[in-house]
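Student: I would like to go through the contacts between two chains and ask what each term rests on.
Tutor: Here is the model.

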Amino acid sequence: MRLRPLAWLVAAVVVTALATLFAGQARPTSTPHLRGQSIVTPQVRQLVCPSSADADTLSHVGLLPGTPSGGSVVAGERPLAVQAGQVAEIGTPGRSPLSVVARNQSTRGIFGSREQTGGTYAHGVSRCSSPRASWWFSGAGASPAHYSTVELVNPRPGAAVVDVSVWGPDGVVQGAGLRGITVRPGGTKEVALADAAPAEGNLVVHVQASRGLVVADLADHTLDVLDPKAQPTTEWIPDLLAPARHLVLSGLPPPDAQDAPTDAASLPSALRPGGSLVLFNPGSSAVVARVRLSGEDGTSDPTGAGPTSVPAGAAVTVPLGDQVKNAGTALIVDAGGPITAGYLVPGKTDLFHAVPGVHWEGPAAAALPSAGRRTLVVTADRRAGRVAISELAADGSRLSRRYLSVPARSTLATPISARAVSVVVSSRGQVVGSVQIADGTAYAALPLSPVLAALRVPEVRPMS
Amino acid sequence: MPVSVLLVSHNGERWLPAVLAGVEQQTHPIDHRVAIDTGSRDGSVTALRTSGWDVEQLGAATPWAESVRAGLARIPAPPPSDPHPGWVWILHDDSAPAPDALALLLEAAHRHPDVAVLGPKLREWPSLRRLLEMGVTISGTGRRETGLERGEYDQGQHDRRRVVLAVNTAGMLVRRDVLEHLGFDRSLPVYGNDLDFGWRAARAGYSTMVVPEAVCFHVEAAHRGQRASRLAELHHRQERAGAIYTLLANGTGRGWALQSLRLGVLGLLRALGFLLIRAPLEAWDELVALGSTVFAPRRIAAARRARQRTAVVGHSEVRHLLAPPWLPLRHLLDNVGDFFSALVDLGRESVGGRTVRTAHQVDVDDVESSQEPGLVALVLRSPRTWLIVGGFVLALVAARDLLHGGPLHGGALPAAPAGTGHWWSAWWSAHHDLGTGSSAPAPGYVLVLAVLGVLTLGHAGAVIWVLFVLGVPLTALSALRFFRRVTDGWAAAFVGATAYALAPVVAGAYAQGRLGTVVGGLLLPWAATSALGLARPERERRWRAVWRTAVGLALTCAFAPTAWLVALLVAVVLIVRRPGWWAGPVVVLVAPVALLLPWAAGALQHPGSLLLEAGVAGALPASEDALRLLLGRPGGPGAAPWWLGAGLLVAALLAGLREQRHGRVAVAWGVAAAGALVAALTATVSVRLPGLTSAVHPWTGFGLLVLQAGLVGAVVVAGDGLLTEVRAGGWRRPAGLLGGVLAAFSVVGGLAWWAVAGISGPLERGPVAGPPAYMSDLSATHDASGVLQLRGGRAQGVRYEVLRDGPLPVGDDAIAALTAPDPALRGVLRRLLADPQPADARSLAAYGVAYVYARAPVSRRVSAAFDAAPGFSRASGATRHDASWRLQDTPTLSATDHDGQPFHLVLVVLQGLAIVAAIVLTMPSRRVRR
């Protein structure tokens, strides 16, 4: 059909307009959102239980109930026969750290702890930790009467290079041999702060691995240097992951249970009878920290301990004395900038360090020491929380399962059965907690270890 | 001393009367007149007998030497009492001597008794004024050297007697005993026999002299194809074979092998050259000539033995008679000069609109030629000149921020590689050492850029710079050429070219680094101009237009493959309107596939890549509403305000009001519709390629450029001669004026915006962000020292790429887009970020990675993972906020892909042949008189 040119012209204009209209209306097909992270199950997970120079130790390694079979656990160099829900005990001389390696399915539920056995003043208990790059400890000492030892363990195949930084009341404490400490694969290094960086007062220690990963433990001791018969007390200082604006110190012992030295002069000048809160500000400007006590009735301000200014780069000790009235108490510290916090109670025959609690989601477990009265202490943060508590027997069977609702900003304590060898506490992230162990007049606090069933890793894709 | 004339004739009736009259008029008496006729079919024999010549008739295939020998046999021998053997004056049937020629030759012979062969000055017949030969020699390449300029007039400038190697047999006066002793070589035709005879005479101790006072007028009928004979039909072959035979038979024995090789190679190159200028018969002649000489050593050996029997002097004693060895080089320089002179003449013709006549075409009495304006005047008067000058000045002003600094890059434009050798290598190689190895084909535009790099002496950055900084004036020139073909006046074409050249600028193509649209816009008018020839009535010119359009389309598709879709739509319309001639449009569509091998073969496996233009795929994604699309704004930064284009659209609509131009305006709007349809397609689809982690959307820029081209075309064809119609009166007058004003507003506004705003967008000149220089330098020298570059972190994911020799340059990004990522490498990186083990570092090293580099801001997760991973140690970064690690394991390439594209070499060879064939087919045929 032969059309007039005008008709072709009109047709062309119409087609142009319609095509452009269509192009303008078309919207790009939705690009599927690319996940930023994915969940992977690690094939290998390592735990290191710290050594104890003063006493033998007993290590407890357990698997979370419900951990799939098909994995393996090796403690030291020996396979460990432990099933889901069970806890295995490994007695070692204690002079060397214990490395536990879980493979395959067992990585999804491994947890452990170590306790000192024997020794008059050795009541220390610590959890077994996985290697990482950064460790913070508050309340260490580097004087003859209050001294700490940093133990660096590298359980990984590659060498690790570590820097140890120490701060005291007057700022950074210079010391020799604290930088570029190389820990060979599978090796251990110890740094005695009293030798490397002698200083007075309560210290804050930061361990940073610039290469590789390490497990750092800090064994703290006090000693009545005036008493020739005195034995040193010992306790592992629980670590903090990183400075934060909001911290909860858990597992505090009651004051009347403390075997407090009657003579204050027997203590180092930095330590006072009763509890002392050690705050450290790693920032470049001073921050103000507010301290409150959290109990079953909510929070309260400790008497005589108002807002405390923490100078930049300095550790500040706030004596709290006997402000902690009962076992179910926690300290809540809020600051204007990231700080670290520690709470220690020196005793005549015991030394106590509180646990800086961390929020967790899912199960957190603790392998319980064999002796002593065990109490689970749970603190709810800004919002009320509810946790599920499972107590497990040695054969892996569940002794009990109950729920605990904790009001906001309150701390509740609940006893743990004497037959339980482990406790599993499940949370949705609203609470922090610890297990308080009381053995006569000796107290210790054991952190709850969030059990990492899987790793959240960034999604990897080619650049395009 | 008897003097005889020996004339050899073959179908020379046209010239014989003058020749015979010339002989009759000789002032010196002639004792015998003998003619040998070799199979003439005209009245040559009758003319000779009528003039009283002693004629012997021989066959047409009788060799020249035999003809002369037969003629010599008919000449009576001198009496024993005469000590002189006598002279034989050889003439051709197309060589007329001057009346005193013989006398002067004999006078010279008497004066120089040692000379055995003499020859006259040969002048052109019929002009009678131009010199042909005054003695002749031969060069080392077989070229017949006369020592004269082509078309040189005889002004006595060469009039001096001198000994030469040889003289032409037309008018040769030779002693009878010498002729009997040496004779002509029967295996040679008349071509080359004179040189061979002279060379043998010289080796035999005889001298040959040219006598300028004696004049002979020669038609050179066989050489010029004016003679009806088999010899004339094959004169090129015979001349070439004769020259090669003469060189090999008479040259030194020591240089024989080298000379044979040299002549063989030269012959093959000459054959190739003839093919390239579409003279296949001459090419065949070259090969046949080689076959009968260089590749016939027995024949040459026999000839050499024969010459040894008559030679009495060594080769060194005759060397001074040969052409100097540097003479072929001088001819080459002369040819180069002639080529550029022809270019200048072509430019003068195109600028001046007239044919330029060269010196040998112009008579000295021609007054007009002396009044022809000079080249400078022609250039200054041409509007094209002002378009070029103005365009270049504005381009430099607009690109003021891009005139200096580092490499040009940004937006969709990666940086150029260090040199064009990278592009050549990418085109040639079946395997590419980028990333984890790739066998994907290089994009089609890589070869084009590499060829352009020859002009910039291998500087790749200069190629890109020229395309972007000077792209607008170059596009304007290209468009002007097209619009001048479709309009009668300059004004409309000028405005149209400017408007079209501004289209990609106002669309933001330059600012966004859209290499495909920028270059595609430059090439599109060339293809369109060639396409105009598809309507030519002459078959040969029509097919030439087909091939030119195909080449233009291939070049455009190399940068903007969607141009093929536009061509498809146009071809469908052409075939529908002229179903009888479908072959041309089909060839136009199919040929680019061959010309763009091997990329086309690889792209067909991923059809989506045919919608992506040159540049980073998916860069600067944008979308716009219909109005802005219609006004040529595809979206993205660097585009001009949309309202600047409204005038052009309105003017294009008003173009339909001009009734006389409906047809052509409809064609222009048809092009616009084709562009709009392509733009609609690219706006709708999303493309997935193996090397892209997410679907990307093609940029609609090129389709909208075609749309704008159609609008501009409508305005131009309607505006051409607008003033005439405006003065005609009626309601169309204000409409036409309005359209013109609106179009001018768009153009002027666009120019002003371009000049003021400049190229403001992601495109920039500066250092390219990438790994530290020491890493790039190391990876450039060691293939197994690549850099794993990381970006991102925990929240948005970690992206990676393996770089060798710095960030991916132009061309490599397209290869990477067609290359599927190695899943094993991705797995290694996931493990490194999750739970690194010592084996992971070794696995990474097997991919030829020596460094890991993360540019600031560095994710703490990434930093912590590599700090913790065994097998890595910290290295220095470009800034203190970057993070770098060095692998402690020695990197290898054991895990990379080493496979190459199958049949890549075959595809490259096919592409080369297709390109050569297409170029040859685009050229006009060489008219050869045969």
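Student: How many residue pairs are in polar contact between chain B and chain A?
Tutor: The count is 10 residue pairs, both residues at pLDDT 80 or more. The model is predicted.

Student: Which elements give two or more residues to the side of chain B that touches chain A?
Tutor: Among them are α28 (662–684), β16 (797–803) and α34 (823–834) of chain B. The largest share, 14 residues, comes from α28(B). By residue class, that side of chain B divides into 31 nonpolar, 18 polar and 12 charged.

Student: Why is the meeting of Glu459(A) and Arg826(B) called a salt bridge?
Tutor: The N to O distance between these side chains is 2.4 Å. The cut-off is 4 Å between a side-chain nitrogen of Lys or Arg and a carboxyl oxygen of Asp or Glu, so the pair qualifies. Across the interface the rule finds 1 salt bridge.

Student: What makes β38 of chain A and β16(B) a pair of strands?
Tutor: Strand β38 (residues 460–462) of chain A and β16(B) share 3 bridges, in the parallel sense. At least two bridges are required, therefore the two strands pair. Within this pairing, Pro462(A) stands opposite Tyr800(B).

Student: What is the area buried between chain B and chain A?
Tutor: About 4,400 Å², with 64% from carbon and sulfur atoms. Of the area that chain B buries against chain A, Thr693(B), Arg794(B) and Arg830(B) supply 13%, more than any other three residues. In contact terms, 61 residues of chain B touch 44 residues of chain A.

Technical notes:
Residues numbered from 1 in each chain as written. Chains lettered and ligands numbered in written order. Predicted model: local features only at pLDDT ≥ 70, side-chain atom pairs only at ≥ 80, totals over all residues. Heavy atoms only, no water. Contact = heavy atoms within 4.5 Å. Buried area = accessible area lost by both parts, 1.4 Å probe. Polar contact = N/O pair within 3.5 Å; in protein donor to acceptor, adjacent residues only side chain to side chain. Helix = DSSP H or I, 4+ residues; strand = E, 2+ residues; numbered from the N terminus. Nonpolar A, V, L, I, M, F, W, Y, C, P; charged D, E, K, R; others polar.
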